[in-house]
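Good morning, everyone, and thank you for coming. I would like to walk you through one chain slowly, so please keep the sequence and the structure in view while I talk.

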Amino acid sequence: MNLSATSLNDSGVVDAAAVAVEGAATAAASDTTRWLPPGSAVLGNGANGSLELSSQLPAGSSGMLLSAINPWDVMLCVSGTVIAGENALVVAIISSTPALRTPMFVLVGSLATADLLAGCGLILNFVFQYVIPSETVSLLTVGFLVSSFTASVSSLLAITVDRYLSLYNALTYYSERTLLCVHLMLAVTWGVSLCLGLLPVLGWNCLADRASCSVVRPLTRSHVALLSTSFFVVFAIMLHLYARICKVVCRHAHQIALQQHFLAPPHYVATRKGVSTLAIVLGTFGASWLPFAIYCVVGSHEYPSVYTYATLLPATYNSMINPIIYAYRNQEIQRSMWLLFCGCFQSKVHFRSRSPSDV
């Protein structure tokens, strides 16, 4: 009898220990996956897995939802909110000011519209990921984001082409032919962007084949490779055009110096400012998008998703910086902001009219 009781006692101790070990393992697993996106566990890679744009959260209490929210997704949502606010103001100013109808401002408006849509897309992605989980909605959201960011990068290329043409064809820049060329560039920009965004929705995705997923699910590796290659081509064209613009600016400054027998300080300052602005434009664009584009080519869906977040978040900052570089620095837009917010224009504040070639 004592032996039986002792056996039962030992068995109870062993069971209790097993339960404690299992509970500790569960807690550790929960703590490990707490900072991962809500679909990483579905891939079966634990801490590894591509960035999920669709939520797999089970129906539960709001506390479970809050504990499963990824801080990286929160930062992307905050970034999208700032982007949407900045660019909505630019779109409102350009659309409400009849004087801002020149080709340069039409292209800046296209850039602001694309960045505005990208910011809204980041917000919608956060909402749909945690509130309305659905693979169909996920495809629509990622297609919307691809179209918006593609239109943003393409609009930057169109602005570069416009600046190049304004320098090399200064006498005929304000003709109807230039406006037609701008409208043609915008049609190509938004048409290509829409097509690239529709590809995941039309079936070019990895929902049926997880092995073909890229670092950003549900985009396939081939689709991401196409987007990255397109970015590299756009960046190379921008580098070439801005290099030629820089040469023209320096040549003009040299001609002025020969005419005046020396390089006057104002012309020297203007030339240095123009070259430094070109460096800021290209440096900001490259620093924002190059890490993500390179990682999309060399990365795998088996890599930790934190790498994707760490390269994608700076890419969104480009849409946050664009209105500062291309809109808020422009004195015509500054004057329109005075009129919009103050309701009057103080003539004491001097605004110099800027040409399209001002960089």
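This is a predicted model: local features need pLDDT of at least 70, side-chain atom pairs count only at pLDDT 80 or more; totals for chains, interfaces and linings use all residues.

Let me begin with residues 224-243, where the chain is 100% helix and 0% strand, and where the end C-alpha atoms are 28 Å apart.

Residues are numbered from 1 along each chain as its sequence is written, and side-chain values use heavy atoms, with hydrogens and water left out.

The stretch I started with is one of those listed in the UniProt annotation "transmembrane region", which comes from an unreviewed entry and covers residues 72-94, 106-132, 138-159, 180-204, 224-243, 278-300 and 306-328. UniProt positions are given in the numbering used here, feature names are shortened, and such annotations may be inferred rather than shown by experiment. Another of the listed spans, residues 138-159, is also 100% helix and 0% strand, and its end C-alpha atoms lie 32 Å apart.

Now for the chain as a whole. It has 10 helices and 2 strands, and from the N terminus on the elements run α-β-α-α-α-α-α-β-α-α-α-α. Of its 359 residues, 43% count as buried, where buried means under 20% relative accessible area, exposed means over 50%, and partly exposed lies in between, using a 1.4 Å probe and protein chains only. If we take contacts between residues at least 6 apart in sequence, 75% of them join residues at least 24 apart, a contact being heavy atoms within 4.5 Å.

Let us look at one pair of helices. Helix H5, residues 135-168, and helix H9, residues 305-328, pack at an angle of about 35°, with their axes 11 Å apart; the axes are lines fitted to C-alpha atoms, for helices over the stretch in contact, and angles run from 0 to 180 degrees between N-to-C directions. Which residues make the contact? On the H5 side they are Phe149, Ser152, Leu156, Ile159 and Arg163, and on the H9 side Thr316, Asn318, Ser319, Asn322 and Tyr326. These residues divide into 4 nonpolar, 5 polar and 1 charged, where Ala, Val, Leu, Ile, Met, Phe, Trp, Tyr, Cys and Pro count as nonpolar, Asp, Glu, Lys and Arg as charged, and the others, Gly among them, as polar.

Next, some single residues. Leucine 196 lies in helix H6, residues 176-201, and counts as buried because its relative accessibility is 12%. Leaving aside residues up to four places away in sequence, leucine 196 touches Val146, Thr150, His223, Leu226 and Leu227.

How many disulfides does a search of the whole structure find? The search finds 1, and it joins cysteine 206 to cysteine 213, with S to S at 2.1 Å; a disulfide here is a pair of cysteine sulfur atoms within 2.5 Å. The link is right-handed, with 90° about the S-S bond, and both cysteine 206 and cysteine 213 are buried. Cysteine 181, by contrast, counts as partly exposed because its relative accessibility is 29%.

Most peptide bonds are trans. The bond from arginine 217 to proline 218, however, is cis, with omega near 15°, and proline 218 is found in the loop between strand E2 (216-217) and helix H7 (221-260).

Definitions and conventions. Helices (H or I, at least four residues) and strands (E, at least two) are DSSP runs, numbered from the N terminus.
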